[in-house]
Every structure is written in C-alpha cells, then in structure tokens.
Amino acid sequence: MTSKSANSSDQPDNFMETWTQIDDPLGSLIPMPEYLLSALVAGIPLYLLFYMLAFKRTPGYKAALVGASVALLLAVTIWGMPISMAISATALGALFGLFPIVWIVVTAVWIYNMTVESGAFKIIRESLAALTDDRRLQAIFIAFAFGAFIEGTAGFGTPVAITAAMLAGLGFNPLYAAGICLIANTAPVAFGAIGVPVIVAADVSGLEVGRVSAIVGRQLPLLSLIIPAWLCVTMCGFKRSLEVVPALLTAGFCFAGTQFVFSNYHGPYLPDIMSALATIIGMVVLLRFWKPKNRWHFPDEIPVKPNAVFTYRKSEVIRAWSTYIILAVMVFVWGLVAFKAFVKPIDGVRFAWPLLNASYNFNIVSAGGTAILLSGVISALIMPGYSLGKAVACFFRTCRQLRFPIVTIAAILGLAYIMNHSGMSSTLGLAFTKTGALFPFFAPILGWLGVFLTGSDTSSNALFGSLQRTTAEAVGVDAGLTVAANATGGVTGKMISPQSISVATAATGQIGKEGNLFRFALKHSIAMLLLICAITLLQAYVFKWMLP
C-alpha cells in the first residue's frame, strides 16, 4: 500500500498541514496478524451502523450521523489525521452527497410526485393493469417491468411501495404481492435513480464511471435474464411456469439485452428506464399474437372485479406516459459524450478542496439532475390541469418529503469520505487481502451486507467502494470488477433490508408481519447472492474476456 499525503501538489507548502496516511496504526500494540487489530477498530463505525439499524431500528439519518461522527473521531485519535483535514474530508463527502447525488434524487422523485398529483400516474397504472388478468403476466408487467421503470426514475423505496400496493389492489395474496415485488426489484437497483449507485461507486473508488457501469452491465443482466422465470416459479411452480415460457423469454431478453447495451455504450443513467420500456413494449407486442392457454390465479385468493372498464383514449395514455418519455430523451441526450463536450465551456466550476489533495466539480449544466429538472418543467406545461406554479409548489413539498433521506445521503457520503481520506478504508482493504485469490468471491458479499444495513445500494457503494479497490489491487485482480461486484451483490440484499421490508408490509397492509416477509425473501436473497459471487469469481480468473 502506498502512503498518501494530504498535501496538494498544486498548492504552496504553507497553505496546509502535511500529513501521511498510516495503514496499520495499532499494529505494534499487541501480537496479532498484520492489520487485524487496526481493521477491527476501523470497522467500528460500520458495526455501529449495523447495531443501530438492525437491532435498535434507529432512523437511517440518525444512524448515519452517529457513524460519521465516530469515524471522524477515530480518524483524528487513532489514524492521526489533523482535525482540520478530517472535518474538510467529511464536508467534501457531504457536499458530494448533496450535489450531484441529492440533486438527482430530489428531481426524480419530484417528477414522480407531479405525475401522481396531475392524475397521469393513475392512467399509467391502469394501462398496465388492463393488459391481462393472468397473475403471472401481471407480476412481470408491474413488479418487474414497471417496478424497474420507477426504480430508474426515483428509486429509494418508491418502486416497492407502488408496485406492491398495485398488486395487492388487483387481488394478489398480500404476502406474495410484497415478496414478488421485493424479488423483482433486484434487477434494476444498481442503476436506480438515474444511475446514482454506480456514480457513487465510481467516485469513492476513483475509477472511471463508464467502466464501472460497463462491468455492472456484464454481471447484472445475467441475473435480470432469469428473474421473470424466478418470479413465476416462486408464484406457481415450475409446471405452471412452462405455460408462459414465451412471456418469460420475451421479458428476460428484452430487459437484460437493453440493460447490457445502455450500461456499456451510454452510461449508468438510462439502463433501468430503457430496459423497462423495452420489456413493456415487447410484452405488449407479444400479447397481440400470443395468449396463455390457461389463466392462472392464486388458489386461495378472493376474486376481485376490476374497478372499471379501461376507458382512457390512446391519446390520454400517450400523454400520461409523455412525462417519462421526455425524461428518457433528456437523460439520454445528457449522457452523450458530444453533449458533455458542447456544454463544457459553460459547465460550472472545478476547484481544489481546502486541506486535501482533492477537488470538487460543480458541473451544474451537465449534471443528471439538471436534465431531470428540465424534463419536469417541460412536462408541467403539457400535463392536463397542471402548471408551473403547481410544479414549483410540488418541488418544495418533495424537498420536505425527502429531508431525512437527504441528511442520510450526506452523512453516509461524509462517513465514506472520512474513512477513505484518513486511511481507514485502506486498512480494512489490506486486512481483506488475507482472503487472497478468493477475494472476488467475497466482494459481492460486502455489497450485500452494506445494502442490508443501510437499505441503499448507493450507501453500500459509498461505504465499501474504496475498500473494494484497495483490496483488489493488493491481491492482483481487476479493481473495476470488485467495485462493480459491490453494486451487483448489493442488489440481492435490497429485498431483506429492514427498510425495504417495512415499505413492502406497509404497502400491502401487513404491518406487524415483517418476520414472515423476511423469511419469504431470505432464501431468494442468499441464492441470488451466491450466483453473483460465482459470476464475479469466474470473471476474475476464467472469463476475463467478459470485462471491458
């Protein structure tokens, strides 16, 4: 491990204190294997997060603030980082959390809230529900495809809350409505909220975001391909699933293929949105030429009559979907290299960060959140019965709605940055090098654990992204692979995180039955995690040609 100085080469020596990271500050205290004691101490902020979230059920923002505070204290007292530098590193992380991360999250949820207020979301929901009454196909349309669409545009628990409530409202067994949506939500999580998890993974690890996106796009589609079949078998067994093989193949290949193409050739911003749209369109086309011979419903479900015949005109449906069509087009344009080059002369400012060998880029024009904001402004002008005044009011309500997630994101990024800049992440990474050649197998497990603790692939990537790179470089494997594996492993932990479980039970009227849903999802979570672990290990040593 190469020691790093906090001094910046482009600043005069008297501008700041000079300090060098120490990888094993406690190594000489007692006879223990190298890095072990220091790594155990470096993990204290993470243990606290685990305890507060999993056992004390502390709100996420409070747990994140405590974790960041303890990490700052350890950085100063054990790793010897000057307090001014420690505060500066924590502030830089929090600022990156606010922009561009929170900027994307707030604008994405704002657009979703506007569609709900204008009534467009009701038309979108009913247009999907009207396509078929077969429970297997409804699960694919709503839990898998539409859930991925919402994950791509909003994320942060929104898709499970919406799709689980929709399925329960259509007559699904409540446990299956919640469980199916949790399982389905694995496919899009890594690229959720316009690619925020991958953007954060690349930033904290210091890797190029396009390469991390491409590697995630060469792991996750292998899982996405089989999730429609996985959902169906979970619901009705293997034999009844064979009756809808054309639908399972169509959904799997449409989603996985589009996810691969956009993650590899465009970036992390659009894989979810475009994969969901491709799946919905593919399924609609399929149902024009094919229908299952036998419709399937849950044996114990009470038949639910449709609320009303679908009477919306095609023009109304198109107008309802137009908000998200505009969003997809705007984000696509913003992701183009030519566009970024065009706006570069006017794209904000980049400046050296005080006391650290780091910089901060306030690229307001090319930021993904700005594309979403402009999409919302355009949409507000064409939504029936809506206006810019209502849109502005909705924006401020959205900010208030997300006030606690905003604090959580800023605190988690502050925690990640202080651990990275102080050397605590390096210490943990060097300890993990003791797993040797098997580390690629364990890399996804770290992501899984992080998402279980925090409920967020973004937070997990912030916590472990730098550690993944440090360890990979030490054991001699591709750092991009293990950083990406943190994101893909993390998606399998989403379905059992306390946050997701609580959202799903609340949406389906099962408050107090969280234990039942956790047991339902746990076996699926572990099975998918082991699959990602095997894929990562093979890509590290056997199928290296799969990596960009």
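Modeller: Helices are DSSP runs of H or I with at least four residues, and strands are runs of E with at least two, numbered from the N terminus. This is a predicted model, in which local features need pLDDT of at least 70, side-chain atom pairs count only at pLDDT 80 or more, and totals for chains, interfaces and linings use all residues. Residues are numbered from 1 along each chain as its sequence is written, and side-chain values use heavy atoms, without hydrogens and water.

Biologist: Where is Tyr35, and why is Tyr35 called buried?

Modeller: Tyr35 lies in the segment before helix 1 (36-42). Its relative accessible area is 14%. Buried means under 20%, exposed over 50% and partly exposed in between, with a 1.4 Å probe and protein chains only, so Tyr35 is buried.

Biologist: What makes the phi of Tyr35 worth a remark?

Modeller: Most residues other than glycine have a negative phi. Tyr35 is not glycine, and its phi is positive, near 75 degrees. Leu355, in the loop between strand 1 (349-352) and strand 2 (359-362), also has a positive phi near 75 degrees.

Biologist: Why are helix 10 and helix 23 called oblique?

Modeller: The axes of helix 10 (residues 209-216) and helix 23 (residues 479-491) cross at roughly 60 degrees and come within 9 Å. Axes are lines fitted to C-alpha atoms, for helices over the stretch in contact, with angles from 0 to 180 degrees between N-to-C directions. Under 35 degrees is roughly parallel, over 145 roughly antiparallel, 65 to 115 roughly perpendicular, and the rest oblique. The two helices, helix 10 and helix 23, are therefore oblique to each other.
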